[in-house]
Amino acid sequence: MKNYMKLEIAAISENESFARSAVAAFALNLNPSLSELSDIKTAVSEAVTNCIVHAYKGKRSPENKIFIDCRAEAEQGEGVLHIDVTDFGCGIENLDEAMQPFFTTLSPNERAGMGFTIMQAFTNSFSARSVKGEGTTISMIKKIGAGGKEELNA
Ligand SMILES: Nc1ncnc2c1ncn2[C@@H]1O[C@H](COP(=O)(O)OP(=O)(O)OP(=O)(O)O)[C@@H](O)[C@H]1O
Ligand SMILES: [Mg+2]
């Protein structure tokens, strides 16, 4: 089974919970466990929040868009969910630095600097592409029903 879903949303905080619920609803066809579903929601939530607060700096404008592209593949009871979250905001100058745990460009009182670390921990594969002034795409893969990371690395 192959399936896909494309979502375009305004980069406003009200859409963060909508986005994570929409991706979770799409993932249901892969028969995820509650824990896998929760991982997916958490990872999507972190990626979308970053678009809103960093890429577009919290500015509410109809021009500020987030694209969420999902692809699902299922075979013999095992599923794979690909999730891409794209913004067209400021971009990230130094990706290696941004990925470091506790690194944040906002006040550490406001942000923990743990978003990317959480996305990596809650998915089986994570990568980021970014061009300064053009935007960022976060690509994540979550395996469903296959025992998670350990089995991937085995
Ligand atoms: N989509 C994005 N566009 C531009 N910059 C980004 C984007 N996502 C992340 N960043 C940059 O990478 C840094 C690290 O992101 P990360 O999500 O790990 O931490 P944070 O958002 O600062 O804090 P937290 O996620 O814990 O609230 C951010 O502080 C920001 O500078
Ligand atoms: Mg973050």
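Which of the 21 residues around ligand 1 come nearest? They are Asn 50, Thr 104, Thr 105, Arg 111 and Gly 115, where a residue is near a molecule or strand if its C-beta atom, placed from the backbone, lies within 6 Å of it. The model is predicted: local features need pLDDT of at least 70, side-chain atom pairs count only at pLDDT 80 or more, and totals for chains, interfaces and linings use all residues. Residues are numbered from 1 along each chain as its sequence is written, while chains are lettered from A and ligands numbered from 1 in the order in which they are written. Five strands form an open sheet with antiparallel pairing, and helix α1 packs on that sheet.

**Shell around ligand 1**

- The helices α2 (34–55) and α4 (115–122) each supply at least two residues of the shell; helices (H or I, at least four residues) and strands (E, at least two) are DSSP runs, numbered from the N terminus.
- With five residues, α2 provides the largest share of the shell around ligand 1.
- By residue class, the shell holds ten nonpolar, eight polar and three charged residues. Here Ala, Val, Leu, Ile, Met, Phe, Trp, Tyr, Cys and Pro count as nonpolar, Asp, Glu, Lys and Arg as charged, and the others, Gly among them, as polar.

**The sheet**

- The strand order is β1-β2-β3-β5-β4, and two strands pair if DSSP finds at least two bridges between them.
- Strands β1 and β4 stand at the edges with a single partner strand each, so one side of each has no neighbour in the sheet.
- On average, neighbouring strands of this sheet are turned by 10 degrees against each other, direction ignored. Axes are lines fitted to C-alpha atoms, for helices over the stretch in contact, and angles run from 0 to 180 degrees between N-to-C directions.
- Helix α1 touches β1, β2 and β3 of the sheet, and its direction makes about 175 degrees with that of β1.

**Strand pairs and hairpins**

- Ten bridges join β2 and β3 in the antiparallel sense; one of the bridge partners is Glu 78 in β3, paired with Glu 75.
- The hairpin of β2 and β3 has two residues between the strands, and Gln 76 in its turn has a positive phi of about 45 degrees.
- Strands β3 and β5 run antiparallel and are joined by nine bridges. In β5, Thr 136 is the bridge partner of Asp 87, Lys 143 that of Val 80, and Ile 144 that of Gly 79.
- Seven bridges link β4 (residues 125–131) to β5, again in the antiparallel sense; Thr 136 in β5 is the bridge partner of Ser 130.
- Three residues lie between β4 and β5 in their hairpin, where Gly 133 in the turn has a positive phi of about 85 degrees.
- Strand β5 (residues 135–144) is largely enclosed by the rest of the structure, because seven of its ten residues are buried. A residue is buried if 20 or more other C-beta atoms lie within 10 Å of its own, exposed if 12 or fewer, and partly exposed in between, with C-beta atoms placed from the backbone.

**Helix α1**

- The buried residues of α1 (residues 14–27) are Glu 16, Ala 19, Arg 20, Val 23, Phe 26 and Ala 27. They lie on the same side of α1 because they cover an arc of only 125 degrees around the axis, the arc being that of the directions from the helix axis to the C-beta atoms.
- Glu 14, Ser 17 and Ala 25 are exposed on the other side of α1.
- The buried residues of α1 pack against β1 (2–10), α2, β2 (65–75) and β3 (78–87); two residues are in contact if their C-beta atoms, placed from the backbone, lie within 7 Å.

**Two loop residues**

- Leu 30 sits in the loop between α1 and α2 and counts as buried, with 23 C-beta neighbours inside 10 Å.
- Leaving out residues up to four places away in sequence, Leu 30 touches Ala 72, Ala 74, Gly 79, Leu 81 and Ile 144.
- Leu 30 and Ala 74 are 44 residues apart along the chain, with 6.5 Å separating their C-alpha atoms.
- Pro 108 belongs to the loop between α3 (95–99) and α4 and is exposed, with 10 other C-beta atoms within 10 Å.
- Pro 108 and Val 44 are 64 residues apart in sequence and 22 Å apart in space, C-alpha to C-alpha.
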